[in-house]
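The sequence and the structure come first.

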Amino acid sequence: MDYKNAGVDIEAGYKSVELMKEHVKGTMRPEVLGGIGGFSGAFSMSAFKDMEKPTLVSGTDGVGTKLKLAFLMDKHDTVGIDCVAMCVNDIACAGGEPLFFLDYIACGKNFPEKIAEIVGGVADGCKQAGAALIGGETAEMPGFYPEDEYDLAGFAVGVVDEKNLITGKDLKAGDVLIGMASSGVHSNGFSLVRKVFEMTKESLDTYYDELGGTLGETLIAPTKIYVKALKSVKDSGVTIKACSHVTGGGFYENIPRMLPDGVRAVIKKDSYEVPAIFKLLAEKGSIEEEMMYNTYNMGIGMVLAVDPSQVDTAMEAVREAGEIPYVIGYAEAGEKGVTLC
């Protein structure tokens, strides 16, 4: 009896590392010290040594049950982008610059090509965020996960000068809310998605005119990474007073998190076109509107608040970064919370 007979293939682990090296190499930043394969990842503090009060900000998250879709479609090259996005978007909406990322993959059986495909997606996400992929772990866990399944999670660290932290403390009545378009469902609410739509190859391969593609293609679309767009707004001279990453819990849970006491957000539902996938979800699942806005991003993945005098500059900066902005509402005096009208 040996470890391989017990279900853990050490040689497959070595092959996975070799296959992923090219992906990882493309994410490197000058501050990264050492190569791939050490016991830890080293990152020089030179990136922020000139800040007055350098403050580390971090985020950790996974992809959730969206992975079930990846298993069914046998498509593993974009879930890594989702994993990175869920972490770095949180850092960016606090005003931080993501510096480095680490991933964790746990699987029932290590198929090196599949692991490399997953890590390739992680690397793509890191490139979009400007973060270095400096380490990770692939754990082969036979008997714990089915052979063809895995879980994926990540951890990111960023930095911001304390004076530039986005806290929402200066948000006041009259400030304008700008929303950035999402790419679709992103990485939240898939437990409900899987109840609404039959999760079979036939169902996922079904073409919908209103979606402009198959159901599977629409649902698997990777989460938007808003790091460059938020940096563009900051570099344009606009002060972002508050910021919210719209994830699980939708509008009702996430937008109040950026508000100080005594300020309420007012969102105009007709200020942008809700993507067809959400309309289809609501219709097929008989889901009430309030539940939709309390579960999904409804087409808005990031919300920022700015002074009315800076709205045009902020909108242009978002466009220059390749994202689509909408003026979706405003802040008013009132009980902390959100009103959709």
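The model is predicted, so local features need pLDDT of at least 70 and side-chain atom pairs count only at pLDDT 80 or more, while totals for chains, interfaces and linings use all residues. Residues are numbered from 1 along each chain as its sequence is written, and side-chain values use heavy atoms, with hydrogens and water left out.

**Annotated domains**

An unreviewed UniProt entry places "domain: PurM-like N-terminal" at residues 54-160. The end C-alpha atoms of this span lie 6 Å apart, and the span is 37% helix and 37% strand. From UniProt, again as an unreviewed entry, comes "domain: PurM-like C-terminal" at residues 172-337. Here the end C-alpha atoms are 13 Å apart, with 34% helix and 22% strand. UniProt positions follow the numbering used here, feature names are shortened, and annotations may be inferred rather than shown by experiment. Helices (H or I, at least four residues) and strands (E, at least two) are DSSP runs, numbered from the N terminus.

**Salt bridges**

A salt bridge is a side-chain nitrogen of Lys or Arg within 4 Å of a carboxyl oxygen of Asp or Glu. By this rule the model has 17 salt bridges. The table gives some of them.

| Pair | N to O distance |
|---|---|
| Lys66 and Asp82 | 3.0 Å |
| Lys68 and Glu149 | 3.6 Å |
| Lys241 and Asp175 | 3.2 Å |

Lys66 and Asp82 meet in a salt bridge. Lys66 is in helix H2 and Asp82 in helix H3, so this pair ties together parts that are 16 residues apart in sequence. Both Lys66 and Asp82 are buried, where buried means under 20% relative accessible area, exposed over 50%, and partly exposed in between (1.4 Å probe, protein chains only).

Glu149 forms a salt bridge with Lys68. This pair links distant parts of the chain, 81 residues apart: Lys68 is in helix H2, and Glu149 sits in the loop between strand S5 (132-140) and strand S6 (150-161). Glu149 is partly exposed at 24% relative accessibility, and Lys68 is partly exposed at 34%.

Lys241 pairs with Asp175 in a salt bridge. The partners are 66 residues apart, with Lys241 in the loop between helix H8 (227-235) and strand S10 (242-245) and Asp175 in the loop between S6 and strand S7 (176-181). Lys241 is buried at 16% relative accessibility, and Asp175 is buried at 0%. Salt bridges that share partners join Lys172, Asp175, Lys241 and Asp307 into one network.

Which residues gather in a patch of negative charge on the surface? They are Asp74, Glu117, Glu147 and Asp148. Such patches are made of residues with over 30% relative accessible area and no salt bridge, like charges being joined within 9 Å. Asp and Glu count as negative, and the place of a charge is taken as CG of Asp or CD of Glu. Glu117 lies in helix H4 (residues 112-129) and is partly exposed at 33% relative accessible area.

Asp74 lies in the loop between helix H2 (66-73) and helix H3 (79-92). Asp74 is exposed at 56% relative accessibility, and its phi is near 50°, a positive value in a residue other than glycine. Met298 also is not a glycine and has a positive phi, of about 55°. Met298 is in the loop between helix H11 (289-293) and strand S12 (300-306), and is buried at 5% relative accessible area.

Key:
Patches are made of residues with over 30% relative accessible area and no salt bridge: like charges are joined within 9 Å, nonpolar side chains (Val, Leu, Ile, Met, Phe, Trp, Tyr) within 5 Å. Accessible areas come from the Shrake-Rupley method with a 1.4 Å probe; for residues, only the protein chains shown count as cover.
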